[in-house]
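Here is a friendly walk through the model on your screen.

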There are 2 protein chains.
Amino acid sequence: MSIEPVLARIDADLPNAIERLKELLRIPSVSTDPAFADHCQVAADWLVADLQSIGIEATKRQTPGHPMVVGHVEGDGPHVLFYGHYDVQPVDPLELWDNDPFDPQLEDTPKGQVLRGRGTSDDKGQLMTFVEACRMWKAEHGKLPCKITFFFEGEEESGSPSLIPFMKENAKELKSDVALICDTGLFESKTPAIITQLRGMLCEDFTITGPDKDLHSGMFGGLAMNPIRVLNKVLAGLHDDNGAITLPGFYDDVPELSDEIRSQWQSLAFDHETFLGDVGLKAPAGEVDRTPIEQVWSRPTCDVNGIWGGYTGDGFKTVLPSQASAKLSFRLVGQQDPDKIREVFRAYMANHLPDGFTVEYRTEKGAPASQMSTEHSAFEAARVALSDEWGRPAAFAGCGGSIPIAGFFKDILNMDAMLVGFGKDDDQIHSPNEKYDVESFHKGIRSWARILDAMTG
Amino acid sequence: MSIEPVLARIDADLPNAIERLKELLRIPSVSTDPAFADHCQVAADWLVADLQSIGIEATKRQTPGHPMVVGHVEGDGPHVLFYGHYDVQPVDPLELWDNDPFDPQLEDTPKGQVLRGRGTSDDKGQLMTFVEACRMWKAEHGKLPCKITFFFEGEEESGSPSLIPFMKENAKELKSDVALICDTGLFESKTPAIITQLRGMLCEDFTITGPDKDLHSGMFGGLAMNPIRVLNKVLAGLHDDNGAITLPGFYDDVPELSDEIRSQWQSLAFDHETFLGDVGLKAPAGEVDRTPIEQVWSRPTCDVNGIWGGYTGDGFKTVLPSQASAKLSFRLVGQQDPDKIREVFRAYMANHLPDGFTVEYRTEKGAPASQMSTEHSAFEAARVALSDEWGRPAAFAGCGGSIPIAGFFKDILNMDAMLVGFGKDDDQIHSPNEKYDVESFHKGIRSWARILDAMTG
């Protein structure tokens, strides 16, 4: 079957594809906040109906958390599974959005047309690139090119608590030849990338308690230890002056890059000054003896994602607070074990708490880093297809983010996973004014059509 | 005139005095939050009416902020001015209150009956001790014992922006022989105190900005500097390992205690283990080479009163935020100049900001420390009267808090100010579940009647 008529259909139908995506984006399926649970159900229902409209047998599958959507279609050739997630990040601070995050709008920008709204890039827009590719293939050929399983989750942004149990319980149903995952980005905006290296993650969400009530800083200041001061000291002590993390043994299981990867990365035109300059920054913040691309792709990190304590309203209140809190995340690489790092961090915290202070932890979330195998024939097919579509050789790249699903496919279902995505560095995912370039959406759909063609041709 | 019948009237009328105070407490006159401005007007109106009911010529006087209340009554003997403030602190975190902060209730506790609610101790309850003493005196004798000016402000908890201009514009009207101020506490719950030493204050409310938008910590973590990390480092660096403040020259204008004060303080039974133990703490947090009483009364401090940045809601968001903010206050002593300390702090901040980072300051609030003169005869009269009422010798004590009004009376009106109050260390002022002991209120009223008697007898 020729790919050209499918690509032509994709081009012609793009306005309709955007309208369908907008429908899905209008459903505020924020997974981390229980107040939005009903919307997650509605988003799953929408996807079931949309898959059914292409002739795919799809069902909503309840879990203790938000539901999964699973769909199957029979066909010849390889059996591929496609994974995406329909849940989105919270939208606060809402006042920094230029418009309603759940009323997506097309917008002309100097860099081209974009669709702006929560989830446009992460991950509803990316998920729909594959669905639209299938819809157009079916419209042209009356059937899909191979056996496909669709697998969408609604808890990716909240730690995927139901994912592993669901994969285990339904292993036979989900087992395929290879998993395709669309939740990553292009390399430097124009070069297609297949991600083969992902950082893991350890999250710690905790509160330090000192005095058993808020105190007046005039009456107690100087004599009573302030929990914010303790928190500042604990967090400031996590990095040394060279930007390295100080926890004992933290780097023990961090591998050095192979010469091959190092030279491949050196050949990539990664311009960290532009990368940082695009978001208003000047100097790299990581370890001074590592290149910027290593800092973001292959080195472990520690970042405070949230901090709060005391009086934060208008005006001034000279309170000496009882508590101070933070949300901390470590990005892990190589063989770093989240459980071991957690232990080391908590021992460090215990050593730094003044007598009488306590700490309460609210999280137990961690995933190790993963290194993809690229042996499945899908990788070579995708490399050729992506290079054809984008007019540049596709890169086998690293990724700073954590996409634990890739490791789960290997561990639980013994399947290789291939990560291909079309996000750009300035998509502002997890931030106000998230967007997805119409070019990413359009060429993303075309890319999947070409990849399916290359895999089955 | 004998004091006994006045004291007897005070005892008999206590339930009515409590009811009047409750009326004032029900008005949520939070000065720092503009949403409560109308309530400040209502509280001022209530005080005007209450003073008028005792035959005092009282008026509400508008300012660019919240209004002043000024009242005059003629009489023989010395001319005293009484100062108090009718505004209160914000009530958040509201969920930590056991009942509505603006629906004050009498409550029996193991330590005696208390009135619980915002402003009971700071400062509506204290302010009313003097008003009630005057009311009973008038009821007994038909007139007050001397010429009295009443002066109540509604901006004490928000930096008193209108106070100095108002004092200057109305200097002639306000000028009296001595100012009586009721906004301080007892010494160790049972011993009356006249405060002769007050710490000053410098507040800094600021936001550090790094990246020009929130970033995804997976995509940027390790490479992009996190403003929370910068803030932690800046704040953690303000204290050294001995608890001393590190800003260059910070201690230059801090005097050593005189031998006389040092030995007087040593004779006070200040038990810091109990003082700290009452609020769940164990060890003193101040300079290790200073006694606990010095740490809280005569040494300068630095405390973070509020901190915030990044994602602070439920769940987890791996954001690398654009901004991080804090509210910081320094308690100043001796000749420390708030303007100079501000300059030194801001220079320190500028030195610690990474290239490309900016900081925005929202406050310009500062007041130097003050040392009271105790030469006016009112001090000796009060010492005797307080000792009689409480059955223990009154202490000339220091106070960790900042009550800039005392200095203003000296500087602007050339009047000595005498600080007498009946708060207790566990009143939880500025905190949830603020209370005022009924004993403080009752014996406070009796104390003022005795002081007026001693000053005019």
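Predicted model: local features only at pLDDT ≥ 70, side-chain atom pairs only at ≥ 80, totals over all residues.

Two packed helices are described by the angle between their axes and the distance between the axes. Helix 3 of chain A spans residues 124–141 and helix 14 of chain A spans residues 438–456; their axes come within 8 Å and cross at roughly 55°. Helix 3 of chain A and helix 14 of chain A are therefore oblique to each other. As helix 3 of chain A passes helix 14 of chain A, the crossing is right-handed.

Helix 14 of chain A also packs with helix 1 of chain A (residues 4–25), at an angle of about 145° and with the axes 10 Å apart. This crossing of helix 1 of chain A and helix 14 of chain A is right-handed. On the helix 1 side of chain A, the contact uses A:Val6, A:Leu7, A:Ile10, A:Leu14 and A:Ala17, and on the helix 14 side A:His442, A:Ile445, A:Arg446 and A:Ala449. Seven nonpolar residues, one polar and one charged make up the contact of helix 1 of chain A with helix 14 of chain A.

Over in chain B, helix 12 (residues 377–390) and helix 14 (residues 438–456) have axes that come within 8 Å and cross at roughly 135°. That angle makes helix 12 of chain B oblique to helix 14 of chain B. Helix 12 of chain B passes helix 14 of chain B in a right-handed crossing. Helix 12 of chain B contributes residues including B:Ala378, B:Ala381, B:Asp388 and B:Trp390, while helix 14 of chain B brings B:Lys443, B:Arg446, B:Arg450 and B:Asp453 among them. By class, the contact of helix 12 of chain B with helix 14 of chain B has 10 nonpolar residues, one polar and six charged.

| Helix pair | Axis distance | Angle |
|---|---|---|
| Helix 3 and helix 14 of chain A | within 8 Å | roughly 55° |
| Helix 1 and helix 14 of chain A | 10 Å | about 145° |
| Helix 12 and helix 14 of chain B | within 8 Å | roughly 135° |

## Domains of chain A

Zooming out, chain A is divided into domain 1 (4–198 + 369–456) and domain 2 (200–254 + 300–366). The C-alpha centres of domain 1 of chain A and domain 2 of chain A lie 35 Å apart. The contact takes four residues from domain 1 of chain A and eight residues from domain 2 of chain A. On the side of domain 1 of chain A that touches domain 2 of chain A, one residue is nonpolar, three are polar and none is charged.

## The two chains together

How is chain B laid on chain A? A turn of 180° and a shift of 0.0 Å along the axis do it, with an RMSD of 0.1 Å. That is the relation of a two-fold axis. The same surface serves both copies, with 100% of the contact residues of chain B recurring in chain A.

In this pairing, 85 residues of chain B are in contact with 85 residues of chain A. Strand 11 of chain B (residues 301–310) gives the largest share of the side of chain B that touches chain A, nine residues. That side of chain B has 31 nonpolar, 35 polar and 19 charged residues.

## Backbone details

Most residues other than glycine have a negative phi, and most peptide bonds are trans. Some places in this model depart from that pattern. The peptide bond from A:Asp122 to A:Asp123 is cis, with omega near 5°, and A:Asp123 sits in the loop between strand 5 (112–116) and helix 3 of chain A. In chain B, a cis peptide bond with omega of about 0° joins B:Asp92 and B:Pro93. B:Pro93 belongs to the loop between strand 3 (79–85) and strand 4 (105–109) of chain B. Finally, A:Asn414 is not a glycine but has a positive phi of about 55°; A:Asn414 lies in the loop between helix 13 (405–413) and strand 18 (416–420) of chain A.

Methods. Residues numbered from 1 in each chain as written. Chains lettered and ligands numbered in written order. Least-squares fit on C-alpha atoms with pLDDT ≥ 70 in both. Contact = placed C-beta atoms within 7 Å. Domains from an automatic or database assignment. Nonpolar A, V, L, I, M, F, W, Y, C, P; charged D, E, K, R; others polar. Axes fitted to C-alpha atoms, helices over the stretch in contact; angles between N-to-C directions. Helix = DSSP H or I, 4+ residues; strand = E, 2+ residues; numbered from the N terminus. Parallel < 35°, antiparallel > 145°, perpendicular 65-115°, else oblique. Left-handed = near helix turned anticlockwise from the far one by under 90°.
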